[in-house]
Amino acid sequence: MGFILAQALTGLSNAAALFLVASGLSIIFGVTRIVNFAHGSFYMLGAYIAYTTMSMLPGIIGFWASVAITGVAVGLIGVVVELVVLRQVYKAPELFQLVATFGVILVVQDLALLTWGPEDLIGSRAPGLESVVYIMGEAIPEYDLAIIALTPVVLFAIWYLFNRTRWGILVRAATEDREMVGALGVNQSWLFTGVFFLGSLLAGVGGAIQLPKGGADLLMDFSILSAVFVVVVIGGMGSIPGAFIAALIISELNVFGVQLLHQSTLVLMFVVMALVLIVRPWGLLGKPEKPGQHGQVGELARPIAIMPTRGKWLFAAMLVLLALLPVLDDSFLLVLMADIIIFSLFATSLHFLMGPGGMVSFGHAAYFGGGAYAAALSVKYMGAPMEIAIMIAPLIAGCLAIIIGWFCVRLSGVYLAMLTLAFAQVLWSIVFQWGEVTGGDDGILGIWPSEWASDGVVFYYLVLVVGSAGILLIRHVLHSPFGYGVRAGRDSFVRSEAIGINVKLMQWMAFAFAGALAGLAGGLYVFAKGSIFPDEMEIARSFDALIMVLLGGVKTLSGPFVGASTFTLLQDWLSRFEYWRLVLGSMIILLVILFPQGLVGFARDKFGRLINVRGEDHA
Amino acid sequence: MLNVQSIDAYYGQAKILHGLSLNIQQGEVVALLGRNGAGKSTTMKSIIGIVPPRAGRITFRDREIAGIPTHSISQLGIGYVPEERRIFASLTVLENLEVGRQNAVDGLQPWTHERLFEIFPNLAERRNNLGGDMSGGEQQMLTIARTLMGNPWLLLLDEPSEGLAPVIVEQMAHTIQDLKKEGLTILISEQNLHFADLVADRAFIVEKGETRYEGTMVELESNEEVKDTYLAV
């Protein structure tokens, strides 16, 4: 009994930081409609900054003053991000801001590395709360009890701020109708900045109070991000009490989950999330989202024309150029180009889902990695040759997408996106934690192409043929009745249903199709590298794909290729530098600010006539 | 007080207003008449800055306001009451009023909850109800009251009678007459000529984004040709 109580209290104390970070994310999303991927980075900065301030300010007062200072400091960093980055792109299509926040993640990672070094930092215990209290014979750290007590205070403070102050009322009004708030004489841009300050402050405080329990390290940003997304989705986007309840559920689940099935804690969290969403698609205390607001903000997508002759020639010319590449006899270049082709296929499959399908996936790496692992496992355990393994990859990835899609298409917009991320994390945690089969963190090594394709040039041709065939297939499907149905469903759910299209079924099929092709890309990838690691299924990989698609431009068909090329080349070129994340992140932010329509969209708008050949054919 | 000089306004690529002009003197109630799609709402949105005009001038109390942000226009003393009401559904009546509150511009007696509740007695009873739980008529009253909390000189009322029961429409007309007595200047867009007759001094008729007729309500009433051409359904 005492043991269970002790566990429950540990769970409650773990919930504190999770709740703080999640409520910050929720508040920012509620008003700005931005899913701030960089929120985990603010949490990480909170831990690091608190480490520094706590080492400078001793004693009880110093400790709690450090927590407050850290909150304000991280809040101000949030304000800088809002003013410098996000304010430039509020008018851009909604999802484009995600790319900007991803750039911020990279920049913060390197800045933290520069400032605090690569070693994990261990926070000292909170002064005055170093000892333990015995409750029913179990030792409970005093600090845990202190932050358990702190959490409801924070919850009340947030409630008070939003319900009893003019600022809070304005923010709630802006959550409903920003334009009307402006027409009533309120300068919303300062409201936004204030919201960013508050949201970042909460994340910073979350990092600071977690420091004595867990320390500070450079992986904190992503590790909390998925848990925070789960909390926000279970609780309901924009609901603070929802975030509170969900944080409690998840934290307790983790604590007791470790006792019961200690290899499956990560999976458990996402399973609970999936269950909640089946019963309550908008989360425990959330409200349904207005439909049709995602990926289609701003200018409508131009109708997609069947490729005109000029475009076909251009595409053919590009293929010929790529086919002639081995003439240069540069094996490094071939490897790089193979990567670009593979990522183009990966990005094109995501684009199919996001652009024409209108469904944003934050977890597309699940199918890329799923395909890659399917291929690698079939080689390792069944001795399958490369040809078979590459065929198995899209099949398994497609099956995964059918299962995951069944859940996801019941939702829309941000909820759908969050759920895809959650499922991707489930798969990732299975791969990561099921070491006996998947090799866990060590990955699977020695997956090489068949004898005939082992030569670099031959393998390059294989990638070129399979990759471009995959991309052409996606294009072709867009112009099939299925593709028309998917696009019709995106443009108007009700009207499509009224003319007899089963939109949910179309979306489900689109999900499976996009998943299968991402899996094909994964299958090629594993043979290109000769190995596979769980990294390929991580959030970061999903974000890479998002960046490629958004960087190229969601509303263009050639966007994924341009985006994948740009991103892969940039990454390849920059990874020679020590602080490449800083440079890459800054470049991503710069690209977002300069080209809010994406690279292809920008080119089309700016050099309309000049580029018309491509503009027409690809868009 | 307000002078709109040949403005052009667009929704994306579509040109809605073609050199529209109108003017309002202090203390007047002016009706903006015209059929559905004539450009009445867009005119309102151009004045408040939600759809900024791409050409032409708008001056308010001798200040150029075309092109400045919506919230600044509102702060100068123009109150906008949108056609769709746009009540904050999850906020209470009092909270809705709080969102609209601005400091009074010099020379006006500031609006308070009490003064507003005298004009809109229904709101007083429902002050702690959620905006989303109110009837259409109550929401229309609330949206006017909310805008009045900003202490405007000029009130832009976009189709206030639309979708309301006849009894409520009559009540609305009385309300507007009351507001005129308080010294407010009002621009009101309407499709309902009868309603405009009850409240307005002068009228502009808009058709295809241009002003086609200008005159007092008395003149308009006697001009069957104009009524037939621009207002008959």
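Biologist: Across the interface of domain 1 of chain A and domain 2 of chain A, how many salt bridges does the rule find?

Modeller: This is a predicted model, in which local features need pLDDT of at least 70, side-chain atom pairs count only at pLDDT 80 or more, and totals for chains, interfaces and linings use all residues. Residues are numbered from 1 along each chain as its sequence is written, chains are lettered from A in the order in which they are written, and side-chain values use heavy atoms, with hydrogens and water left out. The rule asks for a side-chain nitrogen of Lys or Arg within 4 Å of a carboxyl oxygen of Asp or Glu. Across this interface the number found is 1.

Biologist: Which residue forms a salt bridge with A:Asp110?

Modeller: The closest N and O atoms of the pair are 3.7 Å apart. The partner of A:Asp110 is A:Arg581.

Biologist: What area is buried between domain 1 of chain A and domain 2 of chain A?

Modeller: The domain assignment, automatic or from a database, gives domain 1 as 2–252 and domain 2 as 309–618. Buried area is the accessible area (1.4 Å probe) that two parts lose on being put together, summed over both. Carbon and sulfur atoms give 85% of a total of about 2,800 Å².

Biologist: Which residues in domain 1 of chain A lose the most area to domain 2 of chain A?

Modeller: Together they account for 21% of what that side buries. They are A:Phe96, A:Val99 and A:Asp110.

Biologist: What separates the centres of the two domains of chain A?

Modeller: The centres are taken over C-alpha atoms. The separation is 33 Å.
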